[in-house]
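Have the model open while you read.

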Amino acid sequence: MPASPEPDLVVAETRAILADHSAREGPLLPVLHAVQARFGHLPRAALPVIAEALALSRAEVHGVASFYHDFREAPAGCQVVKLCRAEACQAVGARELAEHAQARLGIGWGETTPDGSVTLEPVFCLGLCACGPAALVDGDVVGRLTPEGFDRLVAS
Amino acid sequence: MRLYLSQDAAAKALGAEATAAAIRAAAPGVDLVRTGARGMVWLEPLLEVEAPEGRLAFGPVTAAEVPDLFAEGVPGASHPRCLGPTEALPWMKRQTRLTFARCGVIDPLDLAAYEAHGGLAGLRRALGMTPEAICAEVTESGLRGRGGAGFPTGIKWNTVRQTHADRKYIVCNADEGDSGTFADRMLMEGDPFCLIEGMAIAGRAVGADRGFVYLRSEYPDAIRVMQVAVDRARAAGLLGPSLLGSGQAFEIEIRVGAGAYVCGEETSLLNSLEGKRPVVRAKPPLPALQGLFGRPTVVNNVISLASVPVILAGGATFYAGFGLGRSRGTVPLQIAGNVKFGGLFEAAFGLSLFEIIDDIGGGTASGRPVKAVQVGGPLGAYFPRDLFDTPFGYEEFAGQEGLIGHAGIVVFDDTVDMLAQARFAMEFCAVESCGKCTPCRIGSVRGVEVVDRIARGEPGQIALLRDLCETMKFGSLCALGGFTPYPVLSALTHFPEDFDRARRAA
Ligand SMILES: Cc1cc2nc3c(=O)[nH]c(=O)nc-3n(C[C@H](O)[C@H](O)[C@H](O)COP(=O)(O)O)c2cc1C
Ligand code: SF4
């Protein structure tokens, strides 16, 4: 698993990101996305910097970030697999696929394998509802995913 | 020789990128145009070959099949795998493609192709009209919000137009959170300029010079396409200080969501855009009066906005000529789940579920009998076969304790356990609740527990579940808590045997 970045680096880069977004109306969400894109998660040291720049309290920034499923407090594994759990995929075996995936990796939703190789996350709909079960693997779409297909995905 | 292959996420999910690479290797000289999707997901990756009789369809074409398919050069009409001209396929021929006319046909980012296929005609006409006349035209077309609530779009616009403010906004709701829906995604990936044009017309109609597209993070492909499309539109003068040289200014910014279903609710979405915790706001004030940053704001679904260019180009009467009752125009039906021929089918309102599921969808993919369909996403009711004669329309579905929502239709075969589906509806509400109302936040957690007790055969729990649903219906601020009872109660009412299993086994 990647190590947490140095706080000084986080502060400096978060300031740079804030500067890039200073002309935007309502910049908080894009800033959070940019910080997570940079570090793979929202490092704790970034929050007070964001709060100060946007004239918010730390609690407010935390309250916003923690509301969303996308933001993580710790780095994810090398591969992030999001499996769709919504109804259209349920209709074609998503529940069974999810059980298989959890058993095969030995982890639950939102967890990372002990070796840091795979993070498994639920997602509610990828808009691939006529070719489920669907998954998003490091940002790439996968349709009609079978248990065997899943094993190949995480083995590669 | 020109070939066409979709780059839509569904095509990619089924291997279109590998197919494209294989085609380039097998036929290096050909011009391979990457398009959006036609909507026939079961045929993806769908390859089309230009021919005098129209584009010829071949599909699905996997990368492994490409060498054989191209063994004697680019395949033509006489090839055994040719399905005939795409437009002549029954699935395509039966549609009325108004909003999706260009989707799957052109390179989505080719502005010249967009114009050559009828794009910008609506905006050009709108730029010559008064804002009042544009609002009137949209009202007369009968267009109602395609995001779910079905509010007349022209009336919403007119309210914003008549409200005075230093700044107004057009917000496009591209959060498309409902399972079984992908029309917004397909439109944004396949014809992004159409949405931009619709937003620009909305801006002109209400006096707004700024727009946001709130696009869910689960759609990385749509985000990429929309971002490039906005940049190209700006470079071509279709956005910016003077739209097509008219003096009318309009700018669009793409904003990415962060994985919260409730952010599709318009006031939660506005809070999200503002950088606030995205809890739902009480109405009034309506967003049309006090929306984004307190300014008058049009919030419309992608399909509502993308239907406006064809309404302006063809006229209100033309659009209103399609449909049924108070549901005018066309609707992109999204046929999904366990279905043989799944995809997007744009048709005038009024088809019955029988026609949609059995006829167009071809029944289940598993070949087993259809047991239930859920229409309108996670807050929509489950319909049993006895209600399949319900015509597709806002009032018609409301009359059956259901809703059409964003027109997603999810098919389940007879292996589905409706108690598990009811449980999921409650669980989903508990996970996604914004937390503002107790019946939604706590009621849904209780709902999961009660369904579990029903599963164990404990007596008296079904009445409790019905009571809980009543409380959620009437004590919730928005439709997340208020409509979760629809899937739960419809499952209970139409499939009581699935809630009685433990008791009968005992
Ligand atoms: C929980 C919830 C989720 C919603 N999600 C969406 C959505 O993803 N997309 C959408 O267009 N409307 C969604 N809506 C409806 C919006 O609140 C709003 O009615 C719509 O964006 C208005 O646009 P329209 O009139 O063009 O449909 C949702 C509503 C609720 C209560
Ligand atoms: S019903 Fe639920 S999601 Fe809607 S406002 Fe109330 S708590 Fe929030």
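1. The second largest pocket comes out at about 1100 Å³. A pocket here is an open set of points on a 1 Å grid over the protein atoms alone, where a 1.4 Å probe fits, with protein on both sides within 12 Å along at least five of seven lines; the volume is the space filled by probe spheres set on the points. Its lining (an atom within 4 Å of a point) has 44 residues, and Gln36(A), Asp70(A), Arg72(A), Lys82(A) and Ser217(B) are the closest to the centre.

2. A word on the basis: this is a predicted model, where local features need pLDDT of at least 70, side-chain atom pairs need 80 or more, and totals for chains, interfaces and linings use all residues. Side-chain values use heavy atoms, without hydrogens or water.

3. Helices (H or I, at least four residues) and strands (E, at least two) are DSSP runs, numbered from the N terminus.

4. On to ligand 1. Among the 20 residues around it (a heavy atom within 4 Å), Gly147(B), Asn173(B), Asn300(B), Asn301(B) and Ser304(B) come nearest. S8(B) gives the largest share of that shell, three residues.

5. Which polar contacts (N or O pairs within 3.5 Å) does ligand 1 make through its oxygen atoms? They include a polar side-chain atom of Lys156(B) at 3.0 Å and a backbone N or O atom of Asn301(B) at 2.8 Å.

Notes. Residues numbered from 1 in each chain as written. Chains lettered and ligands numbered in written order. Polar contact = N/O pair within 3.5 Å; in protein donor to acceptor, adjacent residues only side chain to side chain.
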